[in-house]
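Thanks for coming. I will go through a few places in this model; please have the sequence and the structure open.

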Amino acid sequence: MIDPPGDRVETRGTKSPQTHPEAVGASPSETPAAGRLGSTGGSTTRAGQQGCGGGAASKKGFGSKPRDEWRAELRDEAWRLQDVLREITRDKAARDCNHAPVSGGATLVAGGGGARYTGLATCGKIHLCPVCSGRIRSARAVEMEAYVEAWERAGGGVVLATFTLRHYQRHGLQDLVKLQHAAWSRAFGAKAGKMWVRLKDEFGIVGYARAWEVTHGANGWHPHWHVLVFVADPWSEERAEEFRMAAYARWAAAVAKEGGYLPSEKRGVRIDVPNGDDSVAMARYLVKADKGVSWRLGSELTRADAKRGRNGRRTPFEILGDTADESRTEAQRAADVRLWHEYESASHGVRALWWSTKIRDELAKLTEVDERTDAEIAAEVDEDAVPIAVVPSATWYGHIVTVPGRKLALVQAAERNGQAGVRWLIKQWGLQWGRDVLPPPTVDYVDDEEAERDREQRARLDARERPAVRPEARLPVGRATEVAPEPERPSQGVLVPEPPHVADLDVLAAMCRANRARAEAGIARLRERGLLAPVAAEPKA
Ligand SMILES: [Zn+2]
């Protein structure tokens, strides 16, 4: 399975501090340690740098279809699946994600790898939201790759360990999740004790990243751990088998003590040793489960073959997609909705990715560590993206999201034909440019040269006009009509524009907010280029 070539682009962007809560909370049986999925921080990361490189490449290839089409196809699938989610989810944040304007409207931006909206809520829920999950997993995959490459360059090795439970259809997911966390803690975590420490020393285990995954099949829910183990020296197959036996003994005993069935001796613990370049694929596998199939969101809608190839086991997003599959019976779809709801509550608070204590410190000595939280990654906007239209809330709720497909159609129009495409499309919907959908602020302060020209021009105009303006002729606020011009309106020879009415004030407020966001982004970018002094000392990597 080929990984979509564009996914690095997702990790690009300014790392402005976010106030979103971390989407993935502590697991039921563990307290947060060094192993948070991320924390706030402003340092440039390895992933970020790679992303910038990818961005430059993708910018060059904006017209090069295959890459962008692939990306767009994945995005379209994720968005459609998100619409399905919105219908059935009990999670308000997931329902609002990519949907509810946070301040008066949505701004359509385009550039880099495609178009998207800003100014909408993002949920950052990796377990529930197809859109956020795709963004987060793509970024984490890049991060993981970088760690593994750096670790191996420094002479270390990695192996992929998988820990499963024995389970039956009657087992509820919630109970199985509790069991797997408790057993982990007892076998390899906080309650593991001296024997585990000794085993770690013996096998040169420095730390690990543990990913949670679940599928559903004939034997019910199948939650399991994928663990990328960082070892001091690469293991041989024999060494891996020795460890597998020792790890199985601990895992089986712990599961039994926590009240579970004894895991299968054959499948309870599995260790994969990389073969050449495999280690990087392993790193991706950890965060993009099922070798790139399941993470290809909503793939079940177009790729039933992929599902059959895995013994009928479905990922949660496949179950979600099936709830809207009209080739299935009502009863089947209702059963899938129940499964999804069970998954929603059981996955709540489960960490998608957990780092053992101190391993990230070790990795930080070798490469830059990505400090972004899931919520930050989910909310990030492409650095090269340029606003091309502002959709005020009234239009958004009145004409866009209420008609299935319009939200996506607008983005696709922007990608195909830019602002002209958007203007044409909204006209087909009976909406008016400049009234229902607005042009973005026209001055691009981010382009230094253009800003300079603009300033000069303004200075000249000011110098010319100022003496002529009499106090009574001064406008209360003169920007409204300038920002949202209506070119069709014939000139009526009015010398003094009317004071802005209520609708214009709304327009003004939207413009002000958009301007402010752009200015902040511009400042951040200048700071990144080192053209502005940092406000506070950067933390030393
Ligand atoms: Zn989301």
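His 222 is in contact, meaning heavy atoms within 4.5 Å, with Thr 164, His 167, Glu 213, Val 214, Thr 215 and Arg 313, once its neighbours within four places in sequence are set aside. This is a predicted model, where local features need pLDDT of at least 70, side-chain atom pairs count only at pLDDT 80 or more, and totals for chains, interfaces and linings use all residues. Residues are numbered from 1 along each chain as its sequence is written, and side-chain values use heavy atoms, with hydrogens and water left out.

His 222 sits in strand β5; strands (E, at least two residues) and helices (H or I, at least four) are DSSP runs, numbered from the N terminus. Is His 222 buried or exposed? Its relative accessibility is 8%, so His 222 counts as buried. Buried means under 20% relative accessible area, exposed over 50%, partly exposed in between, with a 1.4 Å probe and protein chains only.

Next, helix α6, residues 193–203. Trp 196, Leu 199 and Phe 203 are buried there. They lie on the same side of α6 because they cover an arc of only 60° around the axis, taken from the directions from the helix axis to the C-beta atoms. An α-helix has 3.6 residues a turn, so residues three or four places apart point the same way. The face turned away from the buried side of α6 carries Lys 194, Arg 198 and Asp 201, which are exposed. Among the elements covering the buried residues of α6 are α5, β4, β5 and α7. After α6 comes Gly 204, with a positive phi near 70°.
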